[in-house]
Amino acid sequence: PIMGILLMLQTVMKLARYLVGFDDVVPQQGMELGVIITGCDSGFGQQLAFALARDRFTVFAGCLRAEAMDQFRGDKRIIPLLMDVRKDDQVKAVASLVNKWLSIG
């Protein structure tokens, strides 16, 4: 059953990439693309974070649980962040971090 779920997720991600047009997004020389994804603890958010990191996006991976952030250790393109979208202070902290990243780049 787990392989079926993973295959389904991969298919959904490919369809989403096609529909949204991610296949057309190619960073130019010296340009970095970043994205914030919530729900990266598991499932679709997690798989999307890994897929976009492979495609050279900087991924700000919002995790609900601190222990879920460990799965992203070692991936230089994924920045795991503790973020519960129901808590304004956590969302504002992530927005501040992303704004700093934008001003550096």
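Reader: In which sense do strand 1 and strand 2 pair, and over how many bridges?

Author: They pair in the parallel sense, over five bridges. Keep in mind that this is a predicted model.

Reader: Which residue in strand 2 is the bridge partner of V35?

Author: V59 is the bridge partner of V35.

Reader: What's the strand order in the sheet?

Author: The order is 1-2-3, in an open sheet of three strands with parallel pairing. Strand 1 and strand 3, residues 78–82, are the edge strands. Each of these pairs on one side only. On average, neighbouring strands are turned by 20 degrees against each other, ignoring direction.

Reader: Which strands does helix 3 lie across?

Author: Helix 3, residues 88–104, lies across strand 1, strand 2 and strand 3. Its angle to strand 3 is about 155 degrees.

Reader: Switching to packing. Which residues of the largest nonpolar core touch the most other members?

Author: I37, C40, V59 and F72, out of 14 residues in that core. At least two core residues come from each of strand 1 (33–37), helix 2 (43–54) and strand 2 (57–63).

Reader: And the second core, what does it include?

Author: That one is separate and has five residues, among them F60, L81, V94 and V98.

Reader: Back to I37. What is I37 in contact with, leaving aside neighbours within four places in sequence?

Author: G45, L48, A49 and L52, then V59, F60, A61 and G62.

Key. Residues numbered from 1 in each chain as written. Predicted model: local features only at pLDDT ≥ 70, side-chain atom pairs only at ≥ 80, totals over all residues. Heavy atoms only, no water. Core = buried A, V, L, I, M, F, W, Y, C linked by side-chain atoms within 4.5 Å. Buried < 20%, exposed > 50% of the residue type's maximum accessible area, 1.4 Å probe, protein only. Helix = DSSP H or I, 4+ residues; strand = E, 2+ residues; numbered from the N terminus. Contact = heavy atoms within 4.5 Å. Pairing = 2+ DSSP bridges. Axes fitted to C-alpha atoms, helices over the stretch in contact; angles between N-to-C directions.
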